[in-house]
Amino acid sequence: MRMPLSIKLALLLLCCSMLISCSSTTDSPDSVSDSGPTEEVTDPPAIPEAAREVVAQGPGPAPQEPLSMDDQEDPALQEMLSAALDHLDELSPYRFQTTVLFTDEEEGETAAGSIEMSGAVSGADRMHLVWADLEEDEVMEMILIQDEAWMKSHGEWEAVPVMVAEALVQGMLIYAPWTTWDHLLNAPETEAVYLGLETIEGVRAHHYRTMHHMVDRYWEGAILDAEEEIWIAEDGYPVRYAFTASGVDESGASFSLSWLSTITDVGVDLEVLAPE
């Protein structure tokens, strides 16, 4: 009997999570000052159409040619990940987006799933989050500010108890950047190739590529290919994470999975405010 796509997608996401992590931490960044910029962010953070094309084609468009290795250092990945997570804890304001695409083919039938999550962060206690299941046309949108929370329902914002909001948000946070990068830091070390400095998402960043085969420990099937790419800004904060995998599951069905997470608009004038 064929496994439902929704269940298979959940298993693949769990597989990906376990692949890049031996930790399940999902804490948000440490508190930072709320003083400063005042741009109101109550509309859903924009999800550029280009993002879907990037993920569908692999781990992003061809970046600029890396600098000569004679002109740059070769920083160790684990050290860079540790520093990047520390920077992310203090980073504010910024926007992020995570896009996950999944395809499954069995007995000539192809099914697909896609999840997008975007957010605006102007402090550990000020977040605007949008989660969307594009295949099912389901959207969850929330604003959390200190000890208050709001959820958009039928186009209208409604105040909800913080405990309820936090419970609902937990399922969304697997796609949050602090979860992804904490998992990367705590994952078992693997061979990484340093590709040099590149311009990505408009900033200069260190680029790494790793090959993962440990996914076989968590997926009862054959992994034909798995690769991840990591970009960390010269300033130390995370910029982009891209993961792709393909293989055959235990029933003989082929699958492919791509995960793209980006951090942009670091330091722009924005502040997450309560909806009017």
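Strand E5 covers residues 148-153 and strand E6 residues 156-159, and the two pair in the antiparallel sense over four bridges; Ser153 has Glu156 in E6 as its bridge partner. Strands here (E, at least two residues) and helices (H or I, at least four residues) are DSSP runs numbered from the N terminus, and two strands pair if DSSP finds at least two bridges between them. This is a predicted model, in which local features need pLDDT of at least 70 and side-chain atom pairs count only at pLDDT 80 or more, while totals for chains, interfaces and linings use all residues. Residues are numbered from 1 along each chain as its sequence is written, and side-chain values use heavy atoms, with hydrogens and water left out.

The protein chain holds five helices and eleven strands. Of its 276 residues, 47% count as buried, where buried means under 20% relative accessible area, exposed means over 50%, and partly exposed lies in between (1.4 Å probe, protein chains only). The chain exposes about 13,300 Å², of which carbon and sulfur atoms supply 49%; such areas come from the Shrake-Rupley method with a 1.4 Å probe, and for residues only the protein chains shown count as cover. Among contacts (heavy atoms within 4.5 Å) between residues at least 6 apart in sequence, 65% join residues at least 24 apart.

Two residues separate E1 from E2 in their hairpin, and Glu107 in the turn has a positive phi of about 55°. Strand E2 is joined in turn to strand E3, residues 126-133, by seven bridges, again in the antiparallel sense, and Ser118 has Val130 in E3 as its bridge partner. Between E2 and E3 the hairpin has four residues, and Gly123 takes a positive phi near 135°.

Val121 belongs to strand E2, residues 109-121, and counts as buried at 1% relative accessibility. Leaving aside residues up to four places away in sequence, Val121 touches Ser92, Pro93, Tyr94, Phe96, Arg126, Met127, Trp178 and Leu270. The C-alpha atoms of Val121 and Glu271 are 7.7 Å apart in space, although the two residues are 150 apart in sequence. Val248, in strand E10, residues 238-248, is partly exposed, with a relative accessible area of 25%; its C-alpha atom is separated by 5.1 Å from that of Ala222, 26 residues away along the chain.

What lies in the interior? A nonpolar core is a set of buried Ala, Val, Leu, Ile, Met, Phe, Trp, Tyr and Cys residues joined through side-chain atoms within 4.5 Å. The largest such core has 53 residues, of which Tyr94, Phe96, Met117, Leu129, Trp178, Trp181 and Ile230 touch the most other members. Apart from this core lies another, of six residues, among them Ala120, Trp150, Leu270 and Val272. Met117 has among its contacts, beyond four places in sequence, Phe96, Leu129, Trp131, Met172 and Tyr175. Helix H5, residues 177-186, has eight of its ten residues buried, so this helix is largely enclosed by the rest of the structure; the buried residues include Trp178, Trp181 and Leu184.

Four aromatic pairs are found in a search of the whole structure. Rings of Phe, Tyr and Trp (its six-membered ring) pair if their centres lie within 6.5 Å, and planes under 30 degrees apart count as stacked, over 60 as edge-to-face and the rest as tilted. Phe96 and Trp178 form an edge-to-face pair, 6.0 Å centre to centre with 75° between the planes. Because Phe96 lies in strand E1, residues 94-106, and Trp178 in helix H5, the pair ties together parts that are 82 residues apart in sequence. Phe96 is buried at 3% relative accessibility, and Trp178 is buried with a relative accessible area of 2%. Tyr194 and Tyr208 form a tilted pair, 5.1 Å centre to centre with 50° between the planes.
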